Structures are given as structure tokens and as C-alpha cells.
Amino acid sequence: MVKPAARLRLVICRRVSTAGQATDGYGLDAQERDCRRWNTSAAGGHRIVHVVTDEALTGKSTIDEREGLMEAMEWIREGRADGILAPNLDRLARELTVQEAVLSYVWALGGRAFTADHGEHLEDDETDPMRTAMRQMRGVFAQLDRGLIRKRLREGRETKGELGGYAYGAPRYGQRAEDKALATDESEARNLALLKQWKAEGLGVRAIARKANEKGIPSKRGGQWHPSTVARLLDDEERRKNNEGSARRRAWQKEEQRRARAERILGSR
């Protein structure tokens with residue numbers, strides 16, 4: 001008589017991001033359903049002891065930025081779970097380097113890793129290099145496929161924008177998004193014409209902002225007008241400079257976040 005395999009205690013790991021939902025629509029409920037369906041069909045059926053979720057986080061996020069994933073690791077480290085179960089490796093990580101880091105962390109804690117589309121991902125074994133190579137090859141091609149999808153989406157938006165259509169981003173003052181296209185916002189358009197008239201009459205941006213606030217004209221977000229807002233709205237060169245400045249700030253913030261992550265990792269060694 002064949003002895004049944006020991007039932008493991010597994011934590012289901014789910015992840016969604018805004019970008020991911022837009023491209024594949026693979027939501028949290030569907031991910032959990034696939035995991036539970038696989039578990040039911042697995043030999044003996046393992047015990048699902050917990051479910052963790054990372055929302056609005058991309059698969060590029062490092063392990064320490066994923067609260068749900070870190071919670072699953074704590075369950076393994078504390079002996080409350082024997083491993084993790086994800087619908088596929090893509091839900092663990094979108095990039096190969098992060099995928100491998102996650103798996104290495106699970107194995108280092110003595111845990112086991114399963115995905116609904118594959119089963120168990122066995123720990124690397126130096127006597128079987130093909131095992132590692134095949135897993136990483138799947139990750140490489142999955143990453144390539146996602147990159148190609150994002151590339152097509154980006155090129156489609158750029159082409160639509162070049163043809164005068166609404167591609168992405170918040171509509172400018174005087175316009176609104178309607179059925180994925182730009183339409184004229186009549187109320188804002190009238191207000192914009194009035195602001196331009198005041199500028200033509202020789203008023204500066206401070207005076208225009210003050211006059212608009214006095215007359216109760218709402219800004220794009222319904223708040224008060226500020227001189228800088230008026231300048232960006234009425235001066236193309238000022239708007240260009242503001243966009244360049246925003247791009248520099250985003251690049252600086254990204255670099256600061258990268259350095260902070262490196263310091264946390266080095267500090268934990």
C-alpha cells in the first residue's frame with residue numbers, strides 16, 4: 001500500500017498591479033480560485049492556512065516592499081506554514097531577478113514553493129543544472145512576453161496621441177476624457193477663454209489668479225488658482241519647463257528609492 005504524501009500547510013500568495021490588471025485582467029479572486037483548484041487536485045490536497053495579497057504593486061517590487069509576501073515568509077519562518085502557493089511565477093515576480101530572489105528566500109527558510117500552473121518548484125541542485133535552467137528560461141520568456149505587450153500598448157498610445165487622439169494622462173484644462181477620447185468641457189473652455197482675455201489685457205499671472213479666485217472660477221481640481229498654475233496653463237514655454245522639472249524630480253526620487261533599498265539590504269547583512 002502506497003503511503004499518502006504528507007499534507008503541507010501552504011500560504012496562497014496573490015498580487016495585482018494597476019498595469020497588470022490593464023494587460024491581463026487576472027484579478028485576485030481568479031488567482032485564488034486557480035490556486036485552490038490546483039490544491040484540490042494535488043495528491044492528498046494540502047492545507048491552505050493563510051492568504052496574503054499585494055495590491056497596486058508591480059512585479060518589479062523588491063521582496064521587502066511586498067508586505068503580503070513578507071507576511072508569507074514570516075509564517076514559514078515561525079513554523080506556521082511549510083511553503084507558498086501562487087497561481088504562477090509571474091504573480092510572485094514580473095522580473096526574473098526578483099523571481100529568483102523570492103524562491104531563494106523561501107528555500108533559505110526551509111520552505112517549499114508551488115505554483116498552480118506547474119506544481120512544486122524544487123530547490124536548486126548542483127547535480128541537476130537543467131532544473132534551474134528550465135525554470136529561469138520560463139521566467140525569461142514570460143518577462144519578454146510582458147515586455148512586448150507593454151511595448152505595443154505604449155506604441156499604440158503614442159500613435160493615437162500623434163494623430164490627435166486622447167492617449168493617456170490627465171486632460172488639460174478645457175477638456176475632459178469621454179469614452180477614451182478627449183471632449184471639450186464647455187464650462188472650463190469658457191473660463192479658459194476668460195483667463196486668456198485677461199492676459200491679453202495685460203494682467204500678470206498673479207493678478208489673473210487673484211481675479212479668478214475672487215470670481216469663484218474653479219481650477220481643474222476644484223481648488224484655488226495659483227500663479228504657477230496660471231503660468232503653466234497660459235504659457236507653453238512655462239508648461240514645458242514644468243514638465244521637464246517634474247521628470248527630473250521623478251528620476252531623482254527613483255534614484256533615492258534605489259539607494260534606500262540598497263542600504264536596507266546591506267544593513268540587514
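**Exercise 1. Aromatic pairs**

How many aromatic pairs does a search of the whole structure find? Describe each pair, and say where its members lie in the chain.

*Solution.* The structure is a predicted model, and a search through the whole of it finds two aromatic pairs.

Step 1. Trp38 and Phe114 form an aromatic pair with 5.7 Å from centre to centre and 45° between the planes, which is a tilted arrangement. Trp38 belongs to helix H2 (residues 28-41) and Phe114 to strand S4 (residues 112-115), so this pair ties together parts that are 76 residues apart in sequence.

Step 2. To decide whether these two residues are buried or exposed, recall that buried means under 20% relative accessible area. Trp38 has a relative accessible area of 16% and is buried, and Phe114, at 5% relative accessibility, counts as buried too.

Step 3. Tyr173 and Trp225 form an aromatic pair that is edge-to-face, with 5.3 Å centre to centre and 70° between the planes. This pair links distant parts of the chain, 52 residues apart: Tyr173 is in the loop between helix H6 (129-162) and strand S6 (175-178), while Trp225 is in the loop between helix H8 (205-214) and helix H9 (227-234).

Step 4. Tyr173 is buried, with a relative accessible area of 9%, and Trp225 is buried as well, with a relative accessible area of 4%.

**Exercise 2. The lining of the largest cavity**

What is the volume of the largest cavity, and which residues line the largest cavity?

*Solution.* Begin with the count, then turn to the lining.

Step 1. Counting cavities of 30 Å³ or more gives one, and the largest cavity has a volume of about 30 Å³.

Step 2. The residues that line the largest cavity are Cys13, Arg14, Arg15, Val52, Asp54, Arg66, Gly68, Leu69, Arg91 and Leu92. Sorted by class, this lining has five charged, four nonpolar and one polar residue.

Step 3. At least two residues of the lining come from each of strand S1 (9-16), strand S2 (47-55), helix H3 (67-77) and helix H4 (89-92). The largest share, three residues, is supplied by S1.

**Exercise 3. The faces of two helices**

Which residues of H3 are buried, and which residues on the other side of H3 are exposed?

Step 1. The buried residues in H3 are Gly68, Leu69, Ala72, Met73, Trp75 and Ile76. They cover an arc of only 155° around the axis, which puts them on the same side of H3.

Step 2. Glu67 and Arg77, by contrast, are exposed on the other side of H3.

Step 3. In H9, the residues Val230, Ala231, Leu233 and Leu234 are buried. Seen down the axis of H9, its buried residues fall within an arc of 165°, so they line one face of the helix.

**Exercise 4. Separation in sequence and in space**

What C-alpha distance separates Val11 from His50, and what C-alpha distance separates Trp38 from His118?

Step 1. Val11 is part of strand S1 and, at 0% relative accessibility, counts as buried. Val11 and His50 are 39 residues apart along the chain, and their C-alpha atoms are separated by 4.8 Å.

Step 2. Trp38, which lies in helix H2, is 80 residues from His118 along the chain, with 9.4 Å between the two C-alpha atoms.

Step 3. Ile84 is found in strand S3 (residues 83-86), and at 1% relative accessibility Ile84 counts as buried. Ile84 and Met73 are 11 residues apart in sequence, and from C-alpha to C-alpha they are 8.4 Å apart in space.

Step 4. Glu65 has its place in the loop between S2 and H3 and is partly exposed, with a relative accessible area of 30%. Between Glu65 and Asp54, which are 11 residues apart in sequence, the C-alpha to C-alpha distance is 9.5 Å.

Technical notes:
Residues numbered from 1 in each chain as written. Predicted model: local features only at pLDDT ≥ 70, side-chain atom pairs only at ≥ 80, totals over all residues. Heavy atoms only, no water. 1 Å grid on protein atoms, 1.4 Å probe; cavity = no way out; pocket = protein on both sides within 12 Å on 5 of 7 lines; lining within 4 Å. Points joined across faces, edges and corners; volume = space filled by probe spheres on them. Helix = DSSP H or I, 4+ residues; strand = E, 2+ residues; numbered from the N terminus. Nonpolar A, V, L, I, M, F, W, Y, C, P; charged D, E, K, R; others polar. Phe/Tyr/Trp six-rings, centres within 6.5 Å; stacked < 30°, edge-to-face > 60°. Buried < 20%, exposed > 50% of the residue type's maximum accessible area, 1.4 Å probe, protein only. Arc of directions from axis to C-beta.
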